[in-house]
Structure formats: C-alpha cells, structure tokens
Amino acid sequence: MTDQELHTRLDQIKQEINYHNYRYHVLDSPVISDYEYDKLVKELKDIESAHPDWVTPDSPTQRAGAAPLDKFVKVRHPGPILSLANAFTGGDVFAWFERVSRLDERVRSTGFVVEPKIDGLTVVLHYHDGIFVQGATRGDGVIGEDITANLKTVRALPLKIPIESKGPKPPAEIVVRGEAFINIRDFEKLNQRLEEAGESTYQNPRNTAAGSLRQLDPGLTATRPLTILVYAIVSASGNTPATQKERLQYLHSLGFPVPEAHFCKTIDETINAYNQISEKRDQLAYEADGAVIKINDLTLAEGLGVVGKDPRGAIAYKFQAREVTTGLLDIGVNVGRTGVITPYAILEAVEVGGVVVRQATLHNFDYIRDKDIRIGDRVALIRAGDVIPYVIGPIVDLRTGQEQTYEPPTNCPTCGQTVEHFAGEVAWFCVNTSCPAQLIRNLEHFASRGAMDIVGLGIKIVEQLVAANLVKDVADIYSLSEKQLLTLEGFASKKAENLLSSIEASKNRPLSRLINALGIRGVGEVMAVELAHHFEDLDQLSCATITDLEKIQGVGPNIAVAIVDWFKREPNTRVLEKLRQADVWPIEKPVSPQTSDKMRLSELTFVITGTLPGVTRDELKDIIQENGGKVSDSISNNTSYLLVGEQPGSKLDKARKLGVPIIGLDDLKKLIAK
C-alpha cells in the first residue's frame, strides 16, 4: 500500500471510529461488536505508530494522550456565558412572562422550548474547521479555564464534526455550550468500585464531574465516566438556525448529544412541559434540578437584553427542593462483601421528594469525624433521584449539649471479630475469612482463575452453596460430596462430577495461588508470588514477624501488619487447619540468593497485554514466575518488558512513551533460554 493509500485509509478509520463512538456513547445504539471496534483502533494505532507525523488532534488515539498540566490557562470566551434567573412556582414563571412581554409584545405570540436543567459543569467547546481545538470551564462567565485535554477524554464529545458524512458542513469557527456530568447509574458503579477497594467514595455526581474535569492529569479524568449534552451555540462564523428548536436539531445533526426538549406554543404549555419533566425526574439518567424555559425565537430573546447577569429571554424553573432536616437517632454499620465496614444514619422518619426516609448514608467514618456529626444532632439530608439519601452535615446552632460524639466500632457487627484500620486510610475492614457477610465474595475470589482456579465454581453456584448452607468458609469446598451437590437446582451427576474433579485438581496449585486465594488485604497475585519465594509453606508464613515481612521487596508496614494480623485470627487459623486436613497445603522450596541468580528472569518485571497464541495469560504468568520474574498489571518506569500479543490495549502506548522494551512470545522464550 502506497503512502497516499495508507493516509486515505487512516482518514477512513478515524471517521469510522468517531462514528462508532457516537453510536455507542451518544445514541446508545452500537452497530458493530467490541471485537470489530478494537480491530479498527489497533489498525489506527499501527498506522500512527509507523507515521507519528500523521497524528492529528481529531484522532481517537488522542483522547487521553496529554501529559499532566502544571496549572490551567485562562481562556476568554467569545461571548458572555450567562447564568439564569430562577422561578420556584408557576406564578413566578407567569410573572417573568408578563415582564418580558411588556418589553416586547411579540413575546405573547411566540413559542418556547423547555429543556431539563442538568446539574453538572458548564463547558464551552471550540471547533475550527470541524476539529475540536479547545474546551473551557464557564469560570466567571467572561474568563474560564482551559480544560481541553480533560474534555478530550469524554467519549460523548465529538473530536470532529460532523460525525456522519451526510451531516451538514459546520462553519469554519463554531463555539458551543454544554453541560458535562456523570449519569446516576455510572456514579453508583464508580462508588461501588471505590468502596470495594477500600477507597473514599464521592458524595454526588455533580461535584464528582466538576472535580474530575479540573484534574491537572487528564489520565485521572479518563477514569471517570463523564458524558456531555450540548444545548447552545455561543458564536459561529457562518449562519446558524435562528430558533432554539432548530438549533438543537442542527447540533444533533453535527453529532453533538443534545437534551430532550419540549416545544410549546404558549406559556401555559411550558408549565405542562415542566410538570412532565418533574414527574419523570427519578427516571432521568442524570441529576436535574429543574427545567429551563427559553423563548424559541433567539433573535427576539437576545433583543430583550440582560438584567444583571441573567438574560431576560430564558428562566430556570427549579424543582421542589429535596433537602430537609431531621433528627439523627443513631449510627449503624454495614459489612460489605469485601469486608469494608460503612456507617449509615438512623433517622427520625421524614418525607423527602415524596418518599419517607428512615436511613441515609454517611459515606465513611472519616466523613462523620470531619463533619462533626453526632448522635442526637439535627441534620440536613438530601435525596437526588433514586440514589440513597445522604446526610450533608449537622445543624450546629440547634445543638442542646446532649449530643454524643460517635466512635467507629472495634468489632465486626456480623461476626464479632475485631476490625482492622490503619492510620491514613479511609476504610475499616473485617478480615475474618469466614465472616458471613463476606462469604460469597470470599468463595468467589478463592475459586477465581488467579487464585485456586476451580473451573465451574462461578458466582451462581457459590450463591447456591451458601444459600443451602453447604459451605461456611472457603475450606468447606473440599468437603463437598456428590450427594450434596445433587440437592442443588441444575445439578445432575455429570455436572457434580466435573465440579468435584475441578475442586480436587485445585489441590495441586502452587503456594502463591493459595496465598492469593486467602484474600489477605493488600496481598494480590504479585505479592503472593513474592511471599511464596520467601516461605516454604503457610506454616512458615504464619510465623513471620512484621520485621521479617518488611524485609521483602514491596511489603510496607501496613501490608506487613495485615498479614500478621490475618494469621492471628482464630477463625482464619481454623480455616487453615481444615485446608491442611483436606491436603490443600502446597510446599515450595524458598528461593535462595544462589538459586535466584540462576533463574533467567530474576529481578525482571513483566506486563502482559493482548492475546498470545497457544497460551493463556495465567499460563504466561506461571512461566514467568517459575523463572524468577514478576508480573504486574500496570506499566511504570520499573517495568522491564511489555509482553505484547494480538489486539494490545493502551498499555502498548504507555510503554512506548516510557521507553519500556516491547517483546513477543518468542523473545520471552529466548530470555528464558539464555
């Protein structure tokens, strides 16, 4: 293929990928599979790697490719980015209508557009010849902050317009206004992941979105599930539609995601439209705090002028407030499936948003301390959409002196074991492997591929075993019988036989797999391999002191304490004894310095990306570890090699930027054979 043909193919691929991003992230209607999409991305990366001078700002590979910034550059907007006056009742809306009608009688015969008022962060997007070149925050309405690199990570934002070849040609210069936000469902998933990892959770989608877009490192922004809706044209070098209804249609035809809008012929109809939006408030994908009523004729609206910083041609009709106050009767705690202990508020019953609330989240124990929330306080409570209500904070002026300062629990409320917490960390944990609240998750992890790799023992069967009371800890897996399994729904002799065979085969897993399977906090696959290199079996590891453990590379004080503490817990020692009795007790000779020197991959760290023919990723990990190497999940300056297979991910780009050597399977074999 000639360079000209290759460049034509490059442009074609970029257009296809941008279109498929639009179908997936904006229309929620993909037309190709993930596999086909990944192939396109790989082809694009291959061409750009061979021709780095061909990389352009609108390339999909540039969404999260910028380096961290030292600070944000100030940007002057091409026009004022104004706020809106508020209305809180239908009477306020009619009063606004009368005021602007007296200024221009044409208002009485014009139409209106009503849109949801999204609770997010206002952004201003600049396009030159259809290419996204700059994005900024609203700031003070005149000057904002340049967050271009961060906005490029938002996949709903088109890097090039129009998205479809049949779309209208955009003006040479066009600046649009929109709202960046996080959908409620994505926000809940994000918090769930953070909670399971023992990290601080976020309070609400709006603040999370705003904070994410003002990160100096675009790589951090890229990890947040941001999206966007565009609803206005700030300026343009050519002609654009003169009504709000037509502008939304025009923006949509260019490929921008736009909000749902109601066209109303009269002011009375705007109230009905507001009521429709309000009634389905809890069904909206995002948080909204009202509806915006706009005069459809934009020339007429602009001619009405501005009062203060509020344009007269539109008004925000706010929803009924969902913030109330009530009494905090007590603070309870829940134990999550990963052992994280989280507090919740027990409240005097109060109606908020049409729902009677008796409990609300308190996020974490640091939140209670930092907000100085006390039992007996009068507290402010907010409920948004279908998310769990949360306590904003206490109303200090109403304190009587009878309020009680709260202290986090010292014992797990489910199993009674003492909880674990380290200074400087947010999370509090129950580390009892037999804790009923964690049993399903612990069993699932124990049987996972990176641990004991018990084929056929997935989450559904784990849930069946727990529900039937057949297992009370991970060691009970090895005492299961065919007779017991046949009592479970969906089990016949062959299925039971296969599962029992898989359980029996797992007894031969190496020590590192068993250490990982135990679920000791802070000990994953890589750390488990390191521990297996230093201790012959679980007996030796259980006798290790904090000082012994801290001598091992990668083991810090908190992990050392967590390991020692885990082996001291009586429920955990009972599980270990049951594993020993079941002959699940691998013994490995620790690696001596002399032996380590002879191991070909000693002191080398590998990261694997893509699919390698004829070998699974777990098998590759075992091969590398058996030869003294380490396998990590993330690329860093400490990575010795990136092992690349077919359809590699973003790790390949990062390795190239850091100068990490890139090898294939044959190269790995040569390293081992040296």
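This is a short talk on selected packing and pairing features of one predicted model.

Ground rules first. The model is predicted: local features need pLDDT of at least 70, side-chain atom pairs count only at pLDDT 80 or more, and totals for chains, interfaces and linings use all residues. Residues are numbered from 1 along each chain as its sequence is written, and side-chain values use heavy atoms, with hydrogens and water left out. Helices (H or I, at least four residues) and strands (E, at least two) are DSSP runs, numbered from the N terminus.

Let me start with a mixed sheet. It is open, and its 5 strands run in the order E2-E13-E10-E3-E9. Strands pair here if DSSP finds at least two bridges between them. The edges are E2 (86-87) and E9 (262-264), each pairing on one side only. E2 pairs with E13 (residues 314-318) in the parallel sense, over 2 bridges. Within that pair, Ala87 stands opposite Tyr317 of E13.

H8 (residues 244-254) touches E3 (112-118), E9 and E10 (288-295). Contact means heavy atoms within 4.5 Å. The direction of H8 makes about 55° with that of E3. H9 touches E3, E9, E10 and E13, and its direction makes about 25° with that of E3. Axes are lines fitted to C-alpha atoms, for helices over the stretch in contact; angles run from 0 to 180 degrees between N-to-C directions.

H9 has a helix partner as well. H3 (residues 90-103) and H9 (residues 267-279) pack at about 150°, with axes 11 Å apart. Which residues make the contact? From H3, they are Gly90, Val93, Phe94, Trp96 and Phe97. From H9, they are Ile267, Asp268, Thr270 and Ile271. By class, that contact has 6 nonpolar, 2 polar and 1 charged. Nonpolar covers Ala, Val, Leu, Ile, Met, Phe, Trp, Tyr, Cys and Pro; charged covers Asp, Glu, Lys and Arg; the others, Gly among them, are polar.

Next, a hairpin. E4 (residues 121-128) and E5 pair in the antiparallel sense over 6 bridges. Val123 has Thr137 of E5 as its bridge partner. There are 2 residues between the strands, and Asp129 in the turn has a positive phi of about 50°. Is E5 enclosed or open? In E5 (residues 131-137), 5 of the 7 residues are buried, so the strand is largely enclosed by the rest of the structure. Buried means under 20% relative accessible area, exposed over 50%, partly exposed in between (1.4 Å probe, protein chains only).

Now two loop residues. Asp473 sits in the loop between H13 (459-467) and H14 (482-485). Asp473 is buried, at 7% relative accessible area. Its side chain reaches the backbone nitrogen of Ala475 at 2.9 Å. It also reaches the backbone nitrogen of Asp476, at 3.1 Å. Beyond its neighbours within four places in sequence, Asp473 contacts Ser434, Leu439, Leu443, Val575 and Lys578.

Pro436 is in the loop between E20 (404-405) and H12 (439-447). Pro436 is exposed, with a relative accessible area of 55%. Not counting residues up to four places away, Pro436 touches Thr414 and Cys415.

Last, a parallel sheet. Its 4 strands form an open sheet in the order E22-E21-E23-E24. E22 (630-632) and E24 (662-663) are the edge strands. E21 (residues 605-609) pairs with E23 (residues 641-644) over 4 bridges. Phe606 stands opposite Tyr641 there.

Terms used
Polar contact = N/O pair within 3.5 Å; in protein donor to acceptor, adjacent residues only side chain to side chain.
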